[in-house]
Amino acid sequence: YCEVEPQDLQRIQDTLRSIETSTLNLFVQLYFEHHDPILPILHRATFDPDTCDPLLLAAVTCLGALCSKAENAFAYCLLTSSLVHAVSYKLFGINHLRNRYLPSMQTLFLTYALWRNLGDPAKLEYVEGFRNIILTMARRCRLFELDAFQLDPSLAAASASGASFSESSADRREQEWHKWIRNQEMVRFSWALLVLDSDLSLAWDLPCTITVGELRSPLPCPE
């Protein structure tokens, strides 16, 4: 998927082989324990490692590894995040529609959030240089102009009246719930971008790229 120097490829392969599946599951748990409460851009209740985008899953494990004391966890964090970043941009060149794919943007966001917190000036400068790309992707998807989620009126009326639901109505409620989850992931992501952009501006003493007036999405709902 991407061009990697032979010696770097060998180092990546050796590191990945040293991490067991149980350790990767631990990294996912650590992500939701330590990072999700701060910037909850993923819906924890429905996040499924078996079905989510592989690059997004890798980014999640990288942030979880940053909080782990497991052997080679930090090396895994550094190498895998760099690999995820390289593969992501390689895939953008192959299929430009991935630029408008929410998991692609979430993957880059988590990677940049990781690099922002490594304490490495080189990584921090790298994030500063690349933040405009992810912001442009969000603008093209109109993520800063989202409308508040509106529940299907018939379902809302039934809920208000306390009426029992038929099987078909239950299916519709399930579909509405998943629509709400999708809407909330986009809303939360738009606000998370504002946080990252503001944080980088403070770090570099530069003007913010996103203005408060540009972000017209509603505030996120509680779980």
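Buried means under 20% relative accessible area, exposed means over 50%, and partly exposed lies in between, with a 1.4 Å probe and protein chains only. The model treated here is predicted, so that local features need pLDDT of at least 70 and side-chain atom pairs count only at pLDDT 80 or more, while totals for chains, interfaces and linings use all residues. Residues are numbered from 1 along each chain as its sequence is written, and side-chain values use heavy atoms, with hydrogens and water left out.

**Exercise 1. Describe the overall build of the protein, giving its elements and its buried share.**

Step 1. Helices (H or I, at least four residues) and strands (E, at least two) are DSSP runs, numbered from the N terminus; on this basis the protein has 8 helices and 0 strands.

Step 2. Of the 223 residues in the protein, 42% are buried, and the exposed surface comes to about 12,400 Å², of which carbon and sulfur atoms supply 55%. Accessible areas come from the Shrake-Rupley method with a 1.4 Å probe, and for residues only the protein chains shown count as cover.

Step 3. Contact means heavy atoms within 4.5 Å. Among contacts between residues at least 6 apart in sequence, 74% join residues at least 24 apart.

**Exercise 2. Determine which residues of α3 are buried and what covers them.**

Step 1. Helix α3 has 12 residues and reaches 16 Å from its first C-alpha to its last, close to the 16 Å expected at 1.5 Å a residue; the expected span is 1.5 Å times one less than the number of residues in the helix.

Step 2. The helix is mostly covered, with 10 of its 12 residues buried, namely Leu 55, Leu 56, Ala 58, Ala 59, Val 60, Thr 61, Cys 62, Leu 63, Gly 64 and Ala 65.

Step 3. The cover over the buried residues of α3 includes α2, α4 and α5 (102–116).

Step 4. For α4, the 22 residues reach 31 Å from first C-alpha to last, close to the 32 Å expected at 1.5 Å a residue, and its buried residues include Tyr 76, Leu 79, His 85 and Phe 92.

**Exercise 3. Describe the largest pocket by its volume, its lining and the elements that supply the lining.**

Step 1. On a 1 Å grid over the protein atoms alone, a pocket is an open set of points with protein on both sides within 12 Å along at least five of seven lines, whereas a cavity is a set of points where a 1.4 Å probe fits but cannot get out; lining residues have an atom within 4 Å of a point. Grid points are joined across faces, edges and corners, and a volume is the space filled by probe spheres set on the points.

Step 2. The largest pocket holds about 470 Å³ of space and is lined by 21 residues, of which Pro 54, Leu 55, Leu 57, Ala 58 and Tyr 76 lie nearest its centre.

Step 3. Two or more lining residues come from each of α2 (21–35), α3 (54–65) and α4 (73–94), and α4 gives the most, with 6 residues.

Step 4. The lining has 15 nonpolar, 4 polar and 2 charged residues, where Ala, Val, Leu, Ile, Met, Phe, Trp, Tyr, Cys and Pro count as nonpolar, Asp, Glu, Lys and Arg as charged, and the others, Gly among them, as polar.

**Exercise 4. Locate the largest cavity and state what lines it.**

Step 1. The structure holds 2 cavities of 30 Å³ or more, and about 40 Å³ of space lies in the largest.

Step 2. Its lining consists of Arg 131, Ile 134, Leu 135, Leu 193, Leu 196, Asp 197 and Leu 200, and α8 gives the most, with 4 residues.

Step 3. By class, this lining has 5 nonpolar, no polar and 2 charged residues.
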